[in-house]
Structure formats: structure tokens, C-alpha cells
Amino acid sequence: MRLQKAIFRLKIREFTVYRSNVLMNFCFGCVPLFVYILLWKAVYANDFNKIGGYSYTQIITYYVLVFLCSKILNMRENTIEIADMIQDGSIHNFMLKPIDFMYFNFRMLIGEKVIYLLNICIPFLLFITVIHKFIYWKSHNIVYFLVSLCLAFLLKYIIGCILGFLATWIEEISGMLDLWGNIENFLSGGLIPLSLFPKGIDQVISYMPFKYTLFVPVDIYMGNLERHEIFLAIGIQLIWCISLSIVLIVTRVKAYRMYSGYGS
């Protein structure tokens, strides 16, 4: 508990210093949402029938949720931090201290995301107020949505850690992260809903973890899944979390065996 309080105090100080940067990034990030509103209004024109199972208000709500969830689930900075710690040798501090690195790193990340949400809650509510007539309100699946979002967060964290530990073998991982991010954004439904993909491609994507890092939580909120489909999707998320946790443990052990740190 003391560790968690210390982490929160550290993150509060950090975000207090950089709060203007956080708010500016968020506000400028809202600009593409207005573009999506205008773009899809032109696509639907005056015919507001559903496209790919989405009405006009649903498709706008989809992109609002994708925007918010992507901010919460973004693990790039954490992955780069792990890679930098491996390359500059600072990770060996955790090897010498009675603090598990993965436990400490996850707690730091939780604190960072909580403070981030507190920072953006007011501008986000103002943004929702401005576009409220385009929002599709669906509350009966909110609990399942939050559970699925938490599992997506855990899944993204595990994948990010695996990529970070690859810095043991790869000198520069930024290019790999850019490639991975573009592939993940496309296959997770960050660009367009996966339901708009041809059926065969959608089935192939269902066997990959990308769908369960973003599209599934949003789709649950939108009410496009029946109760048994929700349980199945959450179950698959759990399976991916467990499977990739094993991959992370193996990768971490091999990375520590190859790692050599010098100095303080």
C-alpha cells in the first residue's frame, strides 16, 4: 500500500509538471473526431440506415470510444521505457532490490493512467457535451464493457512488455514498434470497425489477439453482442492473457540470462 501511494504521488508530480502538454495532446487528438463526424455524415448522406450493423450515431460513438480507449490502452511509452532500461543498464537496479520489476512497472502504469484520466475528464466531458446529439447511449452492457476493457488493458500491457524485452536482442526497436502499431491499429478496429471487413477476413482476425485489445470492448458497449457472445469474447481475452503471460515469462527469463549490466 505504501508503494502504491508513493507511485501515485510520483505520477501526480509528473503530470502536474506536464499537465499542459497532456491537455494539448488530448485536445488536438479530438480534431480527427470532428473529421470523422463530417466524413461519415457524407457517407450516410440523408439515408441513416445501418452500414455494417452501425447507424450514424453508433458509428460516431464507435470512434469516440476508440479514441478514448486507445488513449487508455496506449502502451508505447511503457514499452520504450522497458527497452531503454535494458539498453542503458538501469534495469539491473531491480535485480538487486527486493522489488519485482513487473509488479512495480504495472503499478506505475496504473497510477499513470488514473492520473491521465483525471486530467482529461473535464475536457472530454466538454467534448461529449458538444457532440452529444451524435452519441449513442447504451448503459446496460457497461459492466461487461469495463471488464472487457480491463482485460484489454492487461493484454496490451503483456504484449508491450514482450516487445520491450526484445531490446535484449534488437538494438533499436522504434521501427518495429511503428510497424507493430500500424498493424495493431488496423487489425484491432482502430481505423474502421471490423464488422465492415469481408466475412472471411473477419474470421481470420478472430484467431489473433488484436481484435480483443480494442474492438471487442467497444463492440460490447455498442450492444452488438448477445450475452453468450460477450462471455465467449471475455473468455477468449482471458485465454490470450494467460497464453501471452507464459510467453512474457519465458522471454523475460531468457532476456535476464543474456543481460549484462555494469556500474550503478
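## Lining of the second largest pocket

By class, the lining of the second largest pocket has 14 nonpolar, one polar and no charged residues. Ala, Val, Leu, Ile, Met, Phe, Trp, Tyr, Cys and Pro count as nonpolar, Asp, Glu, Lys and Arg as charged, and the others, Gly among them, as polar. The lining comprises 15 residues, and those nearest the pocket centre are Leu65, Leu68, Phe124, Phe145 and Tyr221. Two or more lining residues come from each of α3 (56–73), α6 (101–130) and α7 (142–165). The largest share, six residues, belongs to α3.

On a 1 Å grid over the protein atoms alone, a pocket is an open set of points with protein on both sides within 12 Å along at least five of seven lines, and lining residues have an atom within 4 Å of a point. The space in this second largest pocket is about 300 Å³, a volume being the space filled by probe spheres set on the points.

## Basis of the model

This is a predicted model, in which local features need pLDDT of at least 70, side-chain atom pairs count only at pLDDT 80 or more, and totals for chains, interfaces and linings use all residues. Residues are numbered from 1 along each chain as its sequence is written, and side-chain values use heavy atoms, with hydrogens and water left out.

## Fold and burial

The protein chain has 11 helices and zero strands (DSSP runs: helices H or I, at least four residues; strands E, at least two; numbered from the N terminus). Of its 264 residues, 44% are buried, meaning under 20% relative accessible area with a 1.4 Å probe, protein chains only.

Notes
Buried means under 20% relative accessible area, exposed over 50%, partly exposed in between (1.4 Å probe, protein chains only). On a 1 Å grid over the protein atoms alone, a cavity is a set of points where a 1.4 Å probe fits but cannot get out, and a pocket is an open set with protein on both sides within 12 Å along at least five of seven lines; lining residues have an atom within 4 Å of a point.
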